[in-house]
Amino acid sequence: MVTFDKMGLSPELLKGVTEAGFEKPTPVQEKAVPFLIKNRRDLIGLAQTGTGKTAAFGLPIIDDVDPSNKTPQSLVLCPTRELCLQITTEFKKFAKYKTGVSIVGVYGGAPIDAQLRALSKGAHIVVATPGRMLDIIRRKRIVLTNINRVVLDEADEMLNMGFKEDLNAILSETPAEKDTLLFSATMPKGVATIAMDYMEDPYEVTVGKKNQASENITHVYYAVQARDKYLALKRILDSEPNLYGIIFCRTRQDTKDTAESLMKDGYNVEPLHGDLSHAQRESVMKKFRVRSLQVLVATDVAARGLDVEDVTHTVNYSMPEELEIYTHRSGRTGRAGKKGTSIAIISLREEFKIKRIEKMIGQKFERLQIPPASAVFENQLTNIVKRIEDVKIDDEKVDPLVNSLFEKLGDMSEKDIVKRLLAMEFQQLFSYYEKAPDLNDPGRSSGSGREGRGGGGRSGSGSGRERFSRFSGGNRGGNRGGS
Ligand code: AMP
């Protein structure tokens with residue numbers, strides 16, 4: 001196996017890589033880094049986000065910088081501000097011990113002046129979103145004559161977001177003899193066209209099969225009657241108290257409605273869609289990143305570039321129209337070597353869509369039954385047990401309260417006290433699930449036992465979730481209802 005110290009990286013860069021916590025290279029790094037260090041050639045990397053592709057192209061281009069030349073030598077183009085910031089931060093970590101190497105990120109949605117100043121101080125590697133880059137080129141505030149490598153990161157996303165014209169304009173301004181490194185999760189026609197137009201005999205690095213989803217992701221689906229999808233969603237959330245995830249909807253309206261219903265029902269969710277202002281969007285993403293928000297309900301476009309590790313689940317609440325979007329959605333989980341689950345909640349008529357995706361990703365879905373109330377209770381209890389085991393106790397503060405509690409409940413046994421605490425904790429859950437229908441029953445008649453509110457529609461109040469108090473609040477930073 002190739003290790004980082006056998007790849008031909010400089011000792012200074014190696015130090016930064018080690019300090020970033022990278023011990024062994026991921027497959028795309030193993031393939032691309034030694035190649036790019038030794039060769040001057042175009043490269044196509046078919047790799048998803050989460051595979052370690054940033055370092056795969058980043059390490060060679062950082063080590064290649066000539067600090068004595070103050071003009072930009074590599075240009076990295078990526079679709080979103082978030083990804084731009086992430087790449088810049090990661091590059092800076094790697095380059096920490098490389099004296100005199102300057103890396104500057106420029107992206108839309110932020111004042112251009114500070115970015116122009118940073119560029120004018122001298123940038124060796126520029127990481128940019130296409131719109132902002134073009135703006136800067138048109139203002140003649142960047143010298144591109146010494147660019148020797150251009151990276152197109154998440155090329156498929158850039159095309160999806162309508163950056164094709166901008167990319168053409170930018171690439172035509174860069175020197176003809178540069179190398180182009182193109183990274184993409186998928187290879188739709190548009191990306192293949194860019195490769196044909198701008199690249200010469202590219203070296204191909206593929207991680208997994210083309211279009212294959214990450215091996216760390218388990219794909220499951222639940223098939224229910226169309227009108228039961230919202231109830232199924234809640235049941236799934238209830239049975240996974242530690243879920244930290246993203247629920248994908250197809251349209252903004254769906255996103256808003258679903259988030260609103262879940263919020264009304266007491267879940268710790270917020271919507272992320274294109275109607276939010278930049279500040280609102282930033283605020284929601286920040287809350288999600290620091291985990292004071294447990295679940296995002298998002299449109300595909302709004303969730304692009306959102307870079308959060310540890311996402312445990314992605315939920316396809318409505319199935320995407322284009323198959324490839326499924327890969328992007330599920331790629332938000334199972335990152336950096338962690339396990340993730342991609343869930344699809346479909347109506348009984350949509351099973352053919354699952355078959356199509358299975359073909360595309362080369363992986364099977366497992367069909368799961370909607371968990372019954374007993375499974376919800378059991379999982380909630382397991383979560384409580386774990387929290388009891390993990391809680392840090394400040395004896396000084398807790399002991400007097402415990403003593404006072406026993407004094408006040410003098411006649412009650414310890415077991416009885418625990419029982420009552422649990423009954424309190426589960427009270428709302430019990431009442432919510434008292435009439436819970438079997439959502440797996442394809443023939444169940446309408447109007448029967450609607451989980452606490454007539455009609456099974458989206459909105460409603462008084463259903464189970466306000467119960468998410470003390471115990472079941474998970475460990476999400478303490479911002480859930482009542483925790
Ligand atoms: P990327 O696909 O470049 O977005 O990387 C996904 C995440 O994996 C990032 O947070 C990286 O910091 C992390 N990562 C990438 N390569 C490695 C590695 N060799 N060892 C540990 N973590 C890594």
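pLDDT is the predictor's confidence in each residue, from 0 to 100. This is a predicted model, in which local features need pLDDT of at least 70 and side-chain atom pairs count only at pLDDT 80 or more, while totals for chains, interfaces and linings use all residues. Residues are numbered from 1 along each chain as its sequence is written, and side-chain values use heavy atoms, with hydrogens and water left out.

The chain has a mean pLDDT of 87, with 90% of its residues at 70 or more. Over residues 448-483 pLDDT stays under 50, and the model has 107 contacts (heavy atoms within 4.5 Å) beyond four places in sequence for them. Where pLDDT is low, the predicted coordinates should not be read in detail.

The ligand has 17 residues around it, and Q29, G50, G52, T54 and E309 come nearest; a residue is near if one of its heavy atoms lies within 4 Å. By class, this shell holds four nonpolar, eight polar and five charged residues. Helix 3 (53-63) and helix 4 (81-94) each supply at least two of the shell residues; helices are DSSP runs (H or I, at least four residues), numbered from the N terminus.

In the side chain of E309, an N or O atom is 2.3 Å from a ligand oxygen atom. A backbone N or O atom of G52 lies 2.7 Å from an oxygen atom of the ligand, and for a polar side-chain atom of E90 the distance to a ligand oxygen atom is 3.3 Å. The protein buries 84% of the 490 Å² that the ligand exposes when taken alone, by the Shrake-Rupley method with a 1.4 Å probe.

Methods:
A polar contact is a pair of N or O atoms within 3.5 Å; within protein, one must be able to donate a hydrogen and the other to accept it, and residues adjacent in sequence count only if both atoms are side-chain atoms. Ala, Val, Leu, Ile, Met, Phe, Trp, Tyr, Cys and Pro count as nonpolar, Asp, Glu, Lys and Arg as charged, and the others, Gly among them, as polar.
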